[in-house]
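Welcome! Here is a short briefing to read alongside the model. Take a moment to look it over, then follow the topics below.

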Amino acid sequence: MPPVTRVVLAEDEVLLREGLVGLLERFGFEVLAAAGSAPELLAAARTHRPDLVVTDIRMPPGRRDDGLRAAVELRAERPELAVVVLSQHVQAEYAAALLGSGDGRRVGYLLKDRVAEVVEFVEQLRTVTGGGTVIDPDVVRRLLHRPNDPLAALSGREREVLGLVAQGRSNAAIAAALHVTEAAVGKHVGNILTKLGLLPSDDTNRRVLAVLTYLRGGSTWTGSSADRRG
């Protein structure tokens, strides 16, 4: 039997926080603490040293990107910590900031609406704790249509494949979604990595770097703007 995933949760809306606690516990996660602000999140994560942090981006005290900044700070202290951030709106720069923390693995950026898709949401949490990276499909779709695309060298199919990689899908899952062979997907991924100048090394890390390039091409994040919204 696999070990239980230990979680610290941060959400300032009480009803949603309690709902998330119940959902996680129903699917076998152990919720160590449920915080209502970014400082509480930092304190709880440092005390309990969980396997996974799930946090809203917009948290007290500033009610802007406090939750995201706390998550990035925790990842700086413990690069192996799995973190999933929840956002009300699509903000590609937030996903890029999270991917830029630690080694870029074990991170997820999801819209809050995804929580309603319970089974998929739980699978995404498990993907992240297992070492994967999950970016919300809405973020991926927005990036696919941005102007001055830095990935212009990629073919249409390669861009499509990279978009699915950004959602945390395996080669087998991408093959099923596109109705092609897994070998064809592997060839596309290889072409993507070559065109992005990612030299052969650890394949998983190269995929993460490709996704990070994909996200950073659209925007940057400094964590200092007073008008950002999670």
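A residue counts as buried under 20% relative accessible area, as exposed over 50%, and as partly exposed in between (1.4 Å probe, protein chains only). By that rule, Asp65 is buried, with 1% relative accessibility. Please note that this is a predicted model: local features need pLDDT of at least 70, side-chain atom pairs count only at pLDDT 80 or more, and totals for chains, interfaces and linings use all residues. Residues are numbered from 1 along each chain as its sequence is written, and side-chain values use heavy atoms, with hydrogens and water left out.

**The sheet**

- Helices (H or I, at least four residues) and strands (E, at least two) are DSSP runs, numbered from the N terminus.
- Six strands form an open sheet with parallel pairing, in the order 2-1-3-4-5-6; two strands pair if DSSP finds at least two bridges between them.
- At the edges lie strand 2 and strand 6 (133–135), each pairing on one side only.
- Strand 4 (residues 82–87) is joined to strand 5 (residues 107–111) by five bridges in the parallel sense, and Leu110 in strand 5 is the bridge partner of Leu86.

**Helix 2**

- Which residues of helix 2 (residues 38–48) are buried? They are Ala38, Leu41, Leu42, Ala44 and Ala45.
- An α-helix has 3.6 residues a turn, so residues three or four places apart point the same way.
- These buried residues pack against strand 1 (6–10), strand 2 (30–35), strand 3 (52–56) and helix 3 (66–77), where contact means heavy atoms within 4.5 Å.
- Just after helix 2 comes Arg49, with a positive phi of about 45°.

**Salt bridges**

- The whole structure holds eleven salt bridges, each being a side-chain nitrogen of Lys or Arg within 4 Å of a carboxyl oxygen of Asp or Glu.
- Glu11 pairs with Lys112, their closest N and O atoms being 3.3 Å apart.
- Arg63 and Asp12 form another salt bridge, with 2.7 Å between the closest N and O atoms; the two residues are 51 residues apart in the chain.
- Asp65 forms a salt bridge with Arg69 at 3.1 Å between the closest N and O atoms, and Arg69 is partly exposed at 38% relative accessibility.
- Through shared partners, salt bridges join Glu11, Asp56 and Lys112 into one network.
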